[in-house]
Amino acid sequence: MTPLAGYLLVAALLFAIGLAGALTRRNAILVLIGIELMLNSANLNFIAFWRYGPHPEALTGMMFAVFSIAVAAAEAAVGLGLVISIHRRAKTIDLDLMNRMKG
Amino acid sequence: MQETISFTPLAAPSAIAQLLWLIPAVPIVASGVIALLKQPRRKTAATLSIGSLSVSLLLALAAFIHVVGEWAHGDTIRETVNFTWLQFGATNVDLGWVLDPLSAIMLVMVTFVGLLIFIYSTGYMAHDENFTRFFCFLSLFAGAMLGVVISNSLLLLFMCWELVGLTSYLLIGFWYQKPSAAAAAKKAFLTTRVGDVFFLLGIVWLFAQTGTLLFYNGGAGSIETGALTTLLTQHAGLGLTAAGAIGLLIFAGAAGKSGQLPLHVWLPDAMEGPTPVSALIHAATMVAAGVYLIARVYPLMQAGALAGGTTTALTIVTWVGASTAVFAALIAVAQNDIKRILAYSTVSQLGYMMAGLGMGGVAVGMFHLITHAFFKALLFMGAGSVIHGCHEEQDVRRMGGLRADMPLTFLTYAIGMLALCGFPLFFSGFWSKDGILEAAQHWSVAKAPFYMLVFGALLTTFYMTRQVGYVFFGYWRGKKPAHESPAVMTVPLAILAFFAMALGLIGTPAWPWFKAFLSGSSITFDLHGFAEPGLLALMAISAVVVFLGLGIGWFLYGGNAPKPEEPDVLKKALPLPWRWLRDKFYIDELYGATVIAFYGWWARVADWLDRKVWGGLVSAVALGFRGLAHFNRFLDTNWVDGSFDKGCEELSTGGGLLARIQTGRVQTYLRLLSLAFVVLVAILIWSTRP
């Protein structure tokens, strides 16, 4: 097993855990945490592919990862803001109870 | 105005001639401004109106002095300013204005008399609610009338002419709440319209023959020698040349405006308007427009006359004028409304003017027009003062003895009355009427008009004496005592009274200034003017006639006019003729039974046609369309709607199915997304497998 495959396996595992969290949890904050896990597994892949890729001296993977983290931070802020706003209106953050957009 | 103004090439018009358009424009603009004022702005309205006409008067005086000055140098001036109004193809329609002795003297008369009447109106209409509107109309009228006077184009003249007709309608119907006033306004408008149709025909004919409607255009105008020669070569049947026929058509328009037989019926009814209107429009200016028009197109009427002779057109004008003069004077004898007497008197005097034009030429007719304008305006305004003082009473039988209550009005009215009667030597009417009688005496065609006019003069004196006897002498037969009018009304009366006497001086046989001015010949003071054969005898005849009329009138009505409920003296003596005269020879009834009945019948026929024939046709078409519509509806409900509804249903079902996926829960969406992602990855792996 090459080191790259090891990293990818860890990332896939992390992604699976994040997805399972996002899909099963009812608490909106925990869903957000799951999403964060998925994002970070993707970051891990960026770093791994860069580090073991053809041009490790070009710093491209790192740049990508930094961008991704910045975007993730912004996303988390927006997501938490939404959660707070929903809590103010509905007095709950249980996602199963938020079905007003039902078609 | 644009740069297309092309001045006549002969000589550049003087500054005053170029500014002549301002004379009508200023009152018209003032009228427009007044129209925008609110109703309570009475003072502003009156000031604007009077101010604008004062400006016009000053300009008119400047123009007049300019013309007199040129005349003193020995030049007859006729300055025109023409410009192209419309151009289609090679045809131009030109408009323009003219400054010559005729228009100059009319301008001064209209603006001067008009201004006095405007001032008088501020007193007479002081209590009227619609004071502002009144001055708006008055200004518009004055502007339109001045436009008629300065026009050098028959078309421009016609436009202003119609504008005059419109304002006349508006002013007669000024108190439109009164049904009689509204009816009188309509009658005036429609009756004059009858004449105007002929007038318009004449204009079109003239344009077709000569290609221009300008009067004077440096030799190329429609009433200058070139065009007249063309017109004379064509014959219109009945012994008329084209010139004469066109002249007669124009005369029909003039007859409508000037109340000549048989279109006189509107003028007495027009007395429903406020008295200043009667004075301004139906005595001094508008009705004079017809006479002025004939004077303006005189070359057309006269074209083809043999030396010293006359033409068919002028003969007809004379006969119409003379008949009108006697006819209206007869009716005036038996009227009891103070304004109606004056109205018929106006019709009669307009007849004199027409006869004067027909027999003696422009100067004779125009001189009577000018003097008449002054003394008739005076009489009307005096009558207005009497009505005002007698609390809106108009029936002469309910007045009497007013000479003590209204001394100023009486004095001025008496002067006006003597001028109208033609009292010898000191009054203008004597000289102007004498001119007409002299022309009639020497007329080559027939002697009858002379006798008719002399008889008319007798009647004039008689009915005026009767009126004055009723109103100012005897004892007061009304209810509330009368009072004198305010100075704003009596001062204009006094000014007019002065001119009613003084104007005679410019037209005596010894010093015929007026005639010389119009014809541009030189003038000297020469007492031998009286020595013409027959002239002194004529003056004696006319003096005798006046004294006779005064005598009979005084004998019958002086000091012992009957009470309102008693019959008139003449009625007791001659009941049947009296009834005929009182009912105006049943002309109104005749028109009612013929023209109006015919129109009524025609309207009913048209109504029947409309309802039955055209209405049936329309109904049939409508029925056809309704059938078509029913067929369409059948198609719609059975074919179109079915398929459409089916489509809608399918769409709705599909939407319902899709809506099931839309649960509103984010995690469901996420789940679907993950599933799809897994499927996508599976497909990718599947497809890249070697």
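Q: How is the crossing angle of two helices defined here?
A: Lines are fitted to the C-alpha atoms over the stretch in contact, and the angle between the N-to-C directions runs from 0 to 180 degrees. Keep in mind that this is a predicted model.

Q: What angle do helix α1 of chain A and helix α27 of chain B make?
A: The axes of α1 (residues 3-24) of chain A and α27 (residues 666-688) of chain B cross at roughly 145° and come within 8 Å. From α1(A), the residues making the contact are A:Leu19, A:Ala22 and A:Leu23; from α27(B), they are B:Gln667, B:Leu670, B:Arg671 and B:Ser674. Sorted by class, that gives 4 nonpolar, 2 polar and 1 charged residues.

Q: How many residues does each chain bring to the contact between chains A and B?
A: Chain A gives 10 residues and chain B gives 10 residues. On the chain A side, 5 are nonpolar, 2 polar and 3 charged.

Q: Why is α27(B) said to lie largely in the open?
A: A residue needs 20 or more other C-beta atoms within 10 Å to be buried. Of the 23 residues of α27(B), the number that get there is 0, so the helix lies largely in the open.

Q: How do you know whether the length of α27(B) agrees with its number of residues?
A: At 1.5 Å a residue, its 23 residues should span 33 Å, and the end C-alpha atoms are 33 Å apart, so the two agree.

Q: Why is B:Val396 called buried?
A: The cut-off is 20 or more C-beta neighbours within 10 Å, and B:Val396 has 28, so it counts as buried. You'll find B:Val396 in the loop between α16 (362-389) and α17 (402-405) of chain B. Leaving out residues up to four places away in sequence, B:Val396 touches B:Asn336, B:Ile338, B:Gln467, B:Tyr470 and B:Val471. B:Asn336 is 60 residues away along the chain, yet the two C-alpha atoms are separated by 5.6 Å.

Q: What makes B:Pro486 buried, exposed or partly exposed?
A: Exposed means 12 or fewer neighbours and buried means 20 or more. B:Pro486 has 14 other C-beta atoms within 10 Å, so it is partly exposed. B:Pro486 sits in the loop between α20 (448-472) and α21 (487-502) of chain B.

Q: Which residues have the most contacts inside the largest nonpolar core?
A: That core has 215 residues, and those with the most contacts inside it are B:Leu107, B:Met145, B:Ala377, B:Leu453 and B:Ala500. Helix α16(B) gives the most to this core, with 17 residues. A second, separate core has 5 residues, including A:Leu19 and A:Ala22.

Q: How do you know how chain B compares with a compact globule?
A: A compact globule of 690 residues would have a radius of gyration near 26 Å, but chain B has 36 Å. Its C-alpha trace spans about 145 × 65 × 55 Å along its principal axes. Chain B comes to 27 helices and 4 strands, and 50% of its 690 residues count as buried.

Methods:
Residues numbered from 1 in each chain as written. Chains lettered and ligands numbered in written order. Predicted model: local features only at pLDDT ≥ 70, side-chain atom pairs only at ≥ 80, totals over all residues. Helix = DSSP H or I, 4+ residues; strand = E, 2+ residues; numbered from the N terminus. Contact = placed C-beta atoms within 7 Å. Nonpolar A, V, L, I, M, F, W, Y, C, P; charged D, E, K, R; others polar. Core = buried A, V, L, I, M, F, W, Y, C linked by C-beta atoms within 7 Å. Rg over C-alpha atoms; globule rule 2.2 N^0.38 Å. Expected span 1.5 Å × (residues − 1).
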